[in-house]
Amino acid sequence: MSKKLNGNSGAVVGSSSSTIKEENIVNAPEKFDAMPNPEELLLNKEDAPAITDRLNIFPFDWRVETPRLMEIYDSSRDPGWSPAQLPWDTLDVESLTLDQRYAISYWFALLSVFDASGPAVFARAMIHAYETHEEDAIRKCFFSVTRDEMNHEEVCGKAITLLTPNGPLGYEPETLLGKLARNNIEWLYHNGARYWRGYKKAVEMYPMGILFSSFLFGEVASSTLFHSMYQNTTIPVFKEAFRNIGRDEGRHLSFCLALLKEVLPRMTQEEKDTVTKQFRAGFIFLSGILYEPPEEFWQLPKTFLPAQRMLEDVARSAGFGILDLEERRENWRTAVVRLKTIVEPHGVKFPALPEIDVEGEDVAFDAEKIVPIF
Ligand SMILES: [Fe+2]
Ligand SMILES: [Fe+2]
């Protein structure tokens, strides 16, 4: 809005009814006799107070110590897909029985313990990377994973709400299996909440190398899972979703490998021993979806497993590609052995995983310190 000075009256008149009084007019800046002298200014400068907080995002720098991470980050700027543009309209919900809808929705609720927590988990890791002044490439790679995980979370939400509106918990199941699914989901979220409580503390406790080793296990698990779901699912929209999510998870795996290639050779023996323990913890947590939930972490009622097995059978009958128990065991074993061959040459011992016949070190398990996630 333009305002004009009105000559001698000293008042400012605008096109609106507002006026500015003379005493409110600010004086022009003071004029100096000479230009400021930088030498003199420097002599009189005051140092800013030191930032002494243990965790503070200031001051910033943009150093890159692992260029490979930056390259992968660049390639992730356009993930090449969007959950909103998947062919959801091809999902014929009406052609599925109520139990088939409940069962597929149930699997996505199970997945959401791992994948829908992804945005919060990686956002927290990203903030932590700022606070501990990690190189720019690490901050950016956490940002990129957070972005991807938001897409994966969106797929969980879209599938659940299409199949069970207001799901997974805000609707009344009409069948016995539906009621069992609901009870199972409440137990799954009880365990997810326990994971989150531990993760928030764990993420501040470990150096980046250990965090990345833990995330590595999660990415090995997720890329394996989505590859098998993609191969075995015949429902087009889910097949397409799994293909895209699997590709994202493969990229997350590349992030972890690129960083660990630099960090693993420099780790102390104590740090390597912590990685071994974290692998055991990761196996126990991730088995909740890759295999079946071990009791060491998962607090579940006796009805949980029989109900889940029934739900899996029904989901399979609709063309949803959950592997059977034996296939899952083999799949999980192959993935874990792959991880073992990556880390062992760097002197990281692998934990014993007798559940899937993998030999190694016997290590303690602490449910309060689980880090890995998809
Ligand atoms: Fe991931
Ligand atoms: Fe994910």
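Modeller: What follows goes through the labels one by one, with the rule behind each.

Modeller: This is a predicted model, in which local features need pLDDT of at least 70, side-chain atom pairs count only at pLDDT 80 or more, and totals for chains, interfaces and linings use all residues. Residues are numbered from 1 along each chain as its sequence is written, chains are lettered from A and ligands numbered from 1 in the order in which they are written, and side-chain values use heavy atoms, with hydrogens and water left out.

Biologist: Which residues are the protein donors of the iron ion (ligand 2)?

Modeller: A donor is an N, O or S atom within 2.8 Å of the metal (3.2 Å for Na, K and Ca); water is not among the atoms, so sites may look incomplete. The donors here are Asp115 (OD), Glu149 (OE), Glu149 (OE), His152 (ND1) and Glu249 (OE), at 2.1 to 2.5 Å from the iron ion (ligand 2). Their spacing in sequence is D-x33-E-x2-H-x96-E. Asp115 in helix H3 (residues 98–115) and Glu149 in helix H5 (residues 136–163) are 34 residues apart, a pair that links distant parts of the chain. Helices are DSSP runs (H or I, at least four residues), as strands are (E, at least two), numbered from the N terminus.

Biologist: What does Glu249 bridge?

Modeller: Glu249 bridges the iron ion (ligand 2) and the iron ion (ligand 1), and these two ions lie 4.0 Å apart.

Biologist: Are Asp115 and Glu149 buried or exposed?

Modeller: Both Asp115 and Glu149 are buried. The word means under 20% relative accessible area; exposed means over 50%, and partly exposed is in between (1.4 Å probe, protein chains only).

Biologist: Why does Asn191 count as buried?

Modeller: Asn191 has 0% relative accessibility, so the residue counts as buried. Asn191 lies in helix H6 (residues 176–205). In space Asn191 is 8.4 Å from Val113, C-alpha to C-alpha, while 78 residues separate the two in sequence.

Biologist: What makes the contact of Arg328 and Glu312 a salt bridge?

Modeller: A salt bridge is a side-chain nitrogen of Lys or Arg within 4 Å of a carboxyl oxygen of Asp or Glu. The side chains of Arg328 and Glu312 meet at 3.2 Å, N to O, in a salt bridge. Arg328 lies in helix H11 and Glu312 in helix H10 (residues 304–317), so the pair ties together parts that are 16 residues apart in sequence. Arg328 counts as buried at 5% relative accessibility, and Glu312 counts as buried at 8%. Glu312, Asp313, Arg316 and Arg328 are linked in a network of salt bridges. By this rule the count comes to 21 salt bridges.

Biologist: How far apart are the closest N and O atoms of Arg329 and Asp357?

Modeller: They are 3.4 Å apart, and the two residues form a salt bridge. This pair links distant parts of the chain, with Arg329 in helix H11 and Asp357 in the segment after H11, 28 residues apart. Arg329 counts as buried at 17% relative accessibility, whereas Asp357 counts as partly exposed at 48%. Asp357 also has a positive phi of about 60° although it is not a glycine.

Biologist: Which residues form the negative surface patch?

Modeller: Glu270, Asp273, Glu361 and Asp362 form it. Patches are made of residues with over 30% relative accessible area and no salt bridge, with like charges joined within 9 Å and nonpolar side chains (Val, Leu, Ile, Met, Phe, Trp, Tyr) within 5 Å. Lys and Arg count as positive and Asp and Glu as negative; His and the chain ends are not counted. The place of a charge is NZ of Lys, CZ of Arg, CG of Asp or CD of Glu. Glu361 is partly exposed, with a relative accessible area of 36%.

Biologist: Which residues form the nonpolar patch?

Modeller: Ile51, Ile57, Phe58, Phe60 and Trp62 form this surface patch, with about 510 Å² of accessible area together. Accessible areas come from the Shrake-Rupley method with a 1.4 Å probe; for residues, only the protein chains shown count as cover. Ile51 counts as partly exposed at 47% relative accessibility.

Biologist: What joins Phe58 and Pro59?

Modeller: A cis peptide bond joins them, with omega about -5°.
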